[in-house]
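This report describes a ligand site, a helix and a pocket in turn.

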Amino acid sequence: MCYEKAVKVELEGKMYNVEKPMQVSRLLQQFSLSRETHLVIVNNRLVTEDYRLQKDDQIKLIRVVSGG
Amino acid sequence: MKCRVCGQEASIGLRAYNTALCADDFIFFLEKRVSTTIRKYHLIETGDTPIVAVSGGKDSLSVWYLLNRLGYPADGIYVDLGIGDYSRTSLTKITQMAEKLCRKVYVLHVRDIFDKGIDEVARTIRRVPCSACGMIKRYVMNKICIDKGYNVLVTGHNLDDEAAALLGNLLYWKDEYLWKKSPSLESKDGHLSKKVKPLFLCSEREMAAYAVLSGIDYIYEECPFSVDAKSLEYKSILNKLEESSPGTKLQFIKGYLKNMKTARKDNENRDMAYCTTCGYPCYGDKCNMCRLLERFHIEKAIAFDEYDGSTLDSNRVMVT
Ligand code: SF4
Ligand SMILES: [Zn+2]
Ligand SMILES: [Zn+2]
């Protein structure tokens, strides 16, 4: 894997690397997450599904569903 | 995507409304919807004294924050279930919000009453934690209203909560609950406070976005007992439908409200009695809470801690 291009993604307190820049909608697909259940924060900003991730972006996926 | 209102980069796409909005315009859009909901369904009216049932999660903290922003000053009530770190963190988030809003929050520690956390209380009476928890919370939330003079109890139930509950009630045809999910449940004078759900037209996704964009610091972890909740399964099914047909959840709940107007009349006349000990509505001569207290041989009165938003000290040691 080429680490230079890796995008770091945080989900439920764990860090993941994705290999190359892509659209947020692709990213959600890769993690098998639905846009209804997860929000995507990039560099502390909430973004829409068509946002294109850049290298060095800091990404956090936030689950919106709560139980009980 | 561009913001439909101002043309800047959008922060959220809302397919159910066929729109996309930037952070500021989304906050405005959502607050306006809640404000319209409150007025249209007469949830809170002039002269009312609302109190918000808070858990530390995104919905209850957001509705608390939102009401105060919309000009409905409201205090909070929290039931500390005594579940280790989860309850401790929740309480911290709640006291922080109380401080931010300069409002009071009442806290009832389950451990102060039963000397046990909710899981042990439940085990003793052979119930699952959620069943004991629900019963105690309903009772305590009502008691705070009656004892301290709040006339409207506000909860953070959102569109997804309501749609999941409705789906569950329909799947098993739970007639006795089916028509009782109104966004506003009227009071029974001196016995039961009015209960309202200002977020019932706001999806969970919208509420999470609102919390994030408004800088509301909520507890992200779930109650450890929520893993078994059937409602999570219903929510997931509804979200699959929502993904292929945006607006499904909204239509489901709006259709329900429309049908409720005619259906509820037939259902309303079941006789309601009141607990001979405390006055809470029940179907025997004693309510479940009084039975539970008896079962544990507890005679002391249920007392609340009060944390005043203006003089809050969040480092104060809490019983958990
Ligand atoms: S998940 Fe169950 S025990 Fe936990 S807060 Fe919700 S109802 Fe109570
Ligand atoms: Zn805008
Ligand atoms: Zn009673």
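## Ligand site

Among the 8 residues around ligand 1, the nearest are Cys130(B), Cys133(B), Lys137(B), Cys223(B) and Ser226(B), where near means having a heavy atom within 4 Å. Ligand 1 is situated between chains A and B. Its shell consists of 5 nonpolar, 2 polar and 1 charged residues; Ala, Val, Leu, Ile, Met, Phe, Trp, Tyr, Cys and Pro count as nonpolar, Asp, Glu, Lys and Arg as charged, and the others, including Gly, as polar.

## Basis of the model

The model is predicted, with local features requiring pLDDT of at least 70 and side-chain atom pairs pLDDT 80 or more, while totals for chains, interfaces and linings use all residues. Residues are numbered from 1 along each chain as its sequence is written, chains are lettered from A and ligands numbered from 1 in the order written, and side-chain values use heavy atoms, without hydrogens and water.

## Helix H6 of chain B

H6(B) covers residues 129–148; helices are DSSP runs of H or I with at least four residues, and strands are E runs of at least two, numbered from the N terminus. The 20 residues of H6(B) reach 28 Å from first to last C-alpha, close to the expected 28 Å, which is 1.5 Å times one less than the number of residues.

Cys133(B), Met135(B) and Tyr139(B) are among the buried residues of H6(B) (under 20% relative accessible area, 1.4 Å probe, protein chains only). Just after H6(B), Gly149(B) has a positive phi of about 80 degrees.

## Second largest pocket

The second largest pocket holds about 490 Å³ of space. A pocket is an open set of points on a 1 Å grid over the protein atoms alone where a 1.4 Å probe fits, with protein on both sides within 12 Å along at least five of seven lines; lining residues have an atom within 4 Å of a point. Points are joined across faces, edges and corners, and the volume is the space filled by probe spheres set on them.

Of its 23 lining residues, Glu10(A), Ile41(A), Lys60(A), Leu61(A) and Ile62(A) lie nearest the centre. E5(A) contributes the most, with 6 residues.

How values were computed. Buried means under 20% relative accessible area, exposed over 50%, partly exposed in between (1.4 Å probe, protein chains only).
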